[in-house]
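Hi,

Here is the structure I promised to pass on to you. Please open it alongside this email, and then read on for what turned up.

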Amino acid sequence: GDLSVIATPVAGVSSVTNASAASLGKAEESDAELRARRRAGVANLGRNQIGSLFGDVADVDGVNHVRVYENFESTTDSNGLAPHSFAVIVEGGEVTDLAEAIVANKAPGSSMNGGQGITNEVQETVTTVDGATKTVTFFRPVKTTIYVDVSVVGSELPAGIGDDIKQAIVDYANATLFGGSLGGFDRVGFGIGDQVPAGKLYTPANRVVGEQGYVSDLKIGTSSGDVTNTLLAMAFNELPVFDTTAIDVTVT
């Protein structure tokens, strides 16, 4: 009789009551892992060329972040992509493996923006199944450290809570803070080109503080001398990076 909330809506079902004890079991993978695997898996089987490209690149061993941009217009777009072209921004993975995944999904007639001036260009020549050699171009993201200043107010806060808050923020940004058992939380972290709102970082900090206090202020910045922002916009090829050494916690 204790379970009455439908966490995942089901068509036609408006209420629920459990007559006997329920065994919820244990998830085989975290929610974040499932979301990433599903996104890549669906894209692999998709009919959309860019979606399939994303899926194959994301599936390469060691890949942590992928973003695929496409310019299907006849003029250069705001990101500097040439007309009728695409650009793969990827963090992690071996160069040869990435190049092979890209060339296997390259859309006919589209270019890969080699020599267009996009930062961190990587080129690799691979041999296709028909024996032809092709030069593949992709890009590594521009990594930008995000500096965080957190102010916490509370009574009888344990020693070392500052370090716990720092680590929680890093885990949250890397999508490893929450498992699949907690609903209602952002579990995907920050990826390539994502904007970074300071408001989201209250979640991991307050999770550590709990009932013992609260976060009174939290600001972010891209340099240690200017941690005054509540929102940071990232460039299309920029990856926000969080590290405990760039996070400062003040406890009062």
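Below is a short tour, from the whole chain to a couple of places in it.

First, please keep in mind that this is a predicted model. The protein chain has 252 residues, and 37% of them count as buried. Its secondary structure consists of 5 helices and 11 strands. If you look at contacts in the chain with a separation of 6 or more, 62% of them are between residues 24 or more positions apart. The accessible surface comes to about 14200 Å², and carbon and sulfur atoms make up 47% of that.

Now to the surface charges. D59, D61, E94, D97 and E100 come together there as a patch of negative charge. One of these, D61, sits in the loop that runs between α2 (49–58) and β1 (63–71). Is D61 buried or exposed? Its relative accessible area is 67%, and the cut-off for exposed is over 50%, so D61 is exposed.

Which residues does V16 touch, once its neighbours within four places in sequence are set aside? They are L3, S4, V5 and I6. For I6, there is also a distance to go with the contact: its C-alpha atom is 7.0 Å from that of V16, with the two residues 10 apart along the chain.

Enjoy looking around, and write back with any questions.

Best wishes

Conventions: Residues numbered from 1 in each chain as written. Predicted model: local features only at pLDDT ≥ 70, side-chain atom pairs only at ≥ 80, totals over all residues. Heavy atoms only, no water. Patch = residues over 30% accessible without salt bridge, like charges linked within 9 Å, V, L, I, M, F, W, Y side chains within 5 Å. Areas by Shrake-Rupley, 256 points an atom, 1.4 Å probe, with all protein chains shown as cover. Salt bridge = Lys/Arg side-chain N within 4 Å of Asp/Glu carboxyl O. Lys, Arg positive; Asp, Glu negative; His and termini not counted. Charge placed at Lys NZ, Arg CZ, Asp CG, Glu CD. Helix = DSSP H or I, 4+ residues; strand = E, 2+ residues; numbered from the N terminus. Buried < 20%, exposed > 50% of the residue type's maximum accessible area, 1.4 Å probe, protein only. Contact = heavy atoms within 4.5 Å.
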